[in-house]
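Here is a short briefing for a reader who is meeting this structure for the first time. It moves from the interface to the sheets and then to some details of the backbone.

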Protein chains: 2
Amino acid sequence: MSAQQPGQVIPTLSWIGGIDGHLRLIDQTRLPTEFVEIECHDVPAVWEAIRKLKVRGAPAIGIAAAFGMCLGIQNTVDADEAAFFARLQATADQLATSRPTAVNLFWAIARMKDFATKLRGKFPPREMAKALLGEATAIWEEDRAMCRAIGRHGVELLADVRGVLTHCNAGALVTVDYGTALAPIFAAHEAGKRLHVYVDETRPLLQGARLTAWELQQRGVEATLICDSMAAQVMREGRVQAVIVGADRIAANGDTANKIGTYSVALLAAAHNIPFYVAAPSSTFDLSIESGEQIPIEQRQAEEITHGFGRQTAPTGIDVYNPAFDVTPAKLIHAIICEHGVIRPVDREQISSMLGRKLEKQSV
Amino acid sequence: MSAQQPGQVIPTLSWIGGIDGHLRLIDQTRLPTEFVEIECHDVPAVWEAIRKLKVRGAPAIGIAAAFGMCLGIQNTVDADEAAFFARLQATADQLATSRPTAVNLFWAIARMKDFATKLRGKFPPREMAKALLGEATAIWEEDRAMCRAIGRHGVELLADVRGVLTHCNAGALVTVDYGTALAPIFAAHEAGKRLHVYVDETRPLLQGARLTAWELQQRGVEATLICDSMAAQVMREGRVQAVIVGADRIAANGDTANKIGTYSVALLAAAHNIPFYVAAPSSTFDLSIESGEQIPIEQRQAEEITHGFGRQTAPTGIDVYNPAFDVTPAKLIHAIICEHGVIRPVDREQISSMLGRKLEKQSV
């Protein structure tokens, strides 16, 4: 167990050393009661960390897999090229089984493989390993830069704000550092602004209570934990002047799918004339989806609600409705903060203008 | 442990036998996983049931205390009058310490004492004991009649309704039978109407999951349990056409204090054009309070949120805001259902008209 002091910022995951180094990551299954970092020295350790949700959230899983590829080839840096590539492929195949529904996992593995394939024949394995570590580090850096950019753009929206409410965990723990919804809060805090964050506990899985509350406490940001049903009262008492949440998926018109309860918070914010913001990387937009109506709502297991706290809290056999997320209509969202800037008002034109412009600029 | 079948209705508490009988009550601390009835044969047993929340809710606590008075005098029915009254007073003093904040406890004890005092010198102790059992039974009957009247009046509001949402537990378990918010639902169900009830689990103490879900299941009413944060989604999907909740206290203008989260549900209902109803006995009105602004919001312990059910789910030392209830403004309430009828629209005039008329009629 690592020593950890409040206010000290530890990245969710980081690579320690050179090509013979290892991956260090925060074990999120031990939070919030214990802060434990895991040292992953081989592929099975990374596989287990992803599989057992010790690392979670799309960006963080992708980055763990990218560094996992670097661990996989450590024993073949002095072997011949064929052995090196065979090991690379075996590592990719193994890591792909860790969490088969995580899109970012496959994206990161493919990016590392493609990168190696382009260099094949040009460098010996040892140089290839260095280049691959550079590529994994680039993915890590890109994620960090994306979060920091969201933080920078979001700060302006918090200028006249003292209290902010957030739902679920779209913080540093799903990324390298800083997060998405929490990025503007961390950026404002680091710039010396005093903010007070109200944290919805976020039933059924309590990501707000377990993770967001912990992250804010760790960085010394004033935070108060509430039950989801208390958000309206907190708003009514004038305790918050803004709401910021993350996003799972954003349609072309700005309708936003996010953790169940987000739509509820958006309606309550509207009823109290409090601006409601979504913070998410541009990769969250799915422009092939016209509107939120086309996003199917996944149902999760009843036990998350009936046996939520390690104990049965509802009668045996009761019917349960447990949607994983909901869709907040664009009209309830005052702005979407992405790494390229602030989209406001939230509509099809502003979204395609912001994303189109940036797509052109990056020549993608 | 008693055998108990779904659909079979067992009163929350009942007196078994004559003046040498005893009080039977459902142990609510064992629900929803176990159905256990406690047989209280003496005052300490009733004291413990109230103290340890085996019986809860204002009406039910009052009734338990009234029958507790009957238990207290069982050994003095053949003694002299002085001994009988000394025992009555000792019982009153003892029961009063069981839950010193429960207003109905004191009301019921005082009613029993006053009743006995009026009869003093007119009947021997044995006859007094019979009369006191009659008075306790009258309190029980009045509560039952009140709930049934709310049920009768509320049924009309559910005429075009298939799905109803409720928050917390204002059901049979806080009364003799039928409850307040659930009374119109039970009345409609017994009249053959098919209703489907969505039950907010009601964090932090989960009265919805533990008690309301159990009551509905017991009576064979279709019910689905949800987290509080899912109510908006359930409304959006068109699953409910009405919301019914209970009340802790109603001001002269109709502003209603009830379990935390009620105000949130009222706002969400308004956003979806779903009528929001409050069901409560006329004793819940406090006409000395002009509006909800004058009702102070009690704060409860942080542990209810951070250590919900035997397990720590938030970081040590995190600040918590835990208001026990909130106030729903009258303008969000479509009607208040009391035992005298339906108050609609909810305003000062309609309230004083309904309560004033009934107060005159009862010559109180």
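Across the interface of chain A and chain B in this predicted model, 16 residue pairs are in polar contact, with both residues of each pair at pLDDT 80 or more. The count of salt bridges between chain A and chain B is two, and in one of these B:Glu201 is paired with A:Arg203, the closest N and O atoms being 2.6 Å apart.

**The interface between the chains**

- On the side of chain A that touches chain B, at least two residues each come from helix H7 (207-218), strand E6 (222-226), helix H8 (231-236), helix H9 (262-271), helix H10 (303-306), strand E12 (319-320) and strand E13 (325-328) of chain A.
- The residues on that side of chain A comprise 29 nonpolar, 16 polar and 10 charged.
- The contact draws 55 residues from chain A and 54 residues from chain B.
- The size of an interface is often expressed as the accessible area that is lost when the parts come together.
- Chain A and chain B bury about 4600 Å² between them, with 64% of it on carbon and sulfur atoms.
- Within chain A, the residues that lose the most area to chain B are A:Ser229, A:Phe309 and A:Tyr321, which together account for 16% of what that side buries.
- Strand pairing also links the chains, as E6(A) is joined by two bridges to strand E12 (residues 319-320) of chain B, and the two strands run parallel.
- Within this pairing, A:Leu225 has B:Val320 of E12(B) as its bridge partner.

**A four-stranded sheet in chain B**

- Chain B holds an open sheet of four strands in the order E11-E8-E9-E13, with mixed pairing.
- Strand E11 (285-286) and strand E13 (325-328) of chain B are at the edges and have a single partner strand each, so one side of each is left without a neighbour in the sheet.
- Two bridges connect strand E8 (residues 249-251) of chain B with E11(B) in the parallel sense, and here B:Ala251 stands opposite B:Asp286 of E11(B).
- Helix H9 (residues 262-271) of chain B lies across strand E9 (256-259) and E13 of chain B, and its direction is at about 35° to E13(B).

**A three-stranded sheet in chain A**

- In chain A, three strands form an open sheet with the order E1-E2-E3 and antiparallel pairing.
- The edge positions belong to strand E1 (13-16) and strand E3 (37-40) of chain A, each of which has a single partner strand, so one side of each is left without a neighbour in the sheet.
- From one strand to the next, the twist of this sheet averages 25°.
- Strand E2 (residues 22-26) of chain A pairs with E3(A) in the antiparallel sense over four bridges, and A:Leu23 stands opposite A:Cys40 in E3(A).
- Helix H2 (residues 58-72) of chain A packs on this sheet, touching E1, E2 and E3 of chain A, and its direction makes about 20° with that of E1(A).

**Backbone details in chain A**

- Most peptide bonds are trans, and most residues other than glycine have a negative phi.
- The peptide bond from A:Arg203 to A:Pro204 is cis, with omega near 5°, and A:Pro204 is in the loop between strand E5 (196-200) and H7 of chain A.
- A:Arg344 and A:Pro345 are also joined by a cis peptide bond, with omega about -5°, and A:Pro345 lies in the loop between strand E15 (341-343) and helix H11 (348-361) of chain A.
- A:Leu53, although not a glycine, has a positive phi of about 60°, and its place is the loop between helix H1 (43-51) and H2 of chain A.

Notes
Residues are numbered from 1 along each chain as its sequence is written. Chains are lettered from A and ligands numbered from 1 in the order in which they are written. This is a predicted model: local features need pLDDT of at least 70, side-chain atom pairs count only at pLDDT 80 or more; totals for chains, interfaces and linings use all residues. Side-chain values use heavy atoms; hydrogens and water are left out. Contact means heavy atoms within 4.5 Å. Buried area is the accessible area (1.4 Å probe) that two parts lose on being put together, summed over both. A salt bridge is a side-chain nitrogen of Lys or Arg within 4 Å of a carboxyl oxygen of Asp or Glu. A polar contact is a pair of N or O atoms within 3.5 Å; within protein, one must be able to donate a hydrogen and the other to accept it, and residues adjacent in sequence count only if both atoms are side-chain atoms. Ala, Val, Leu, Ile, Met, Phe, Trp, Tyr, Cys and Pro count as nonpolar, Asp, Glu, Lys and Arg as charged, and the others, Gly among them, as polar. Two strands pair if DSSP finds at least two bridges between them. Axes are lines fitted to C-alpha atoms, for helices over the stretch in contact, and angles run from 0 to 180 degrees between N-to-C directions.
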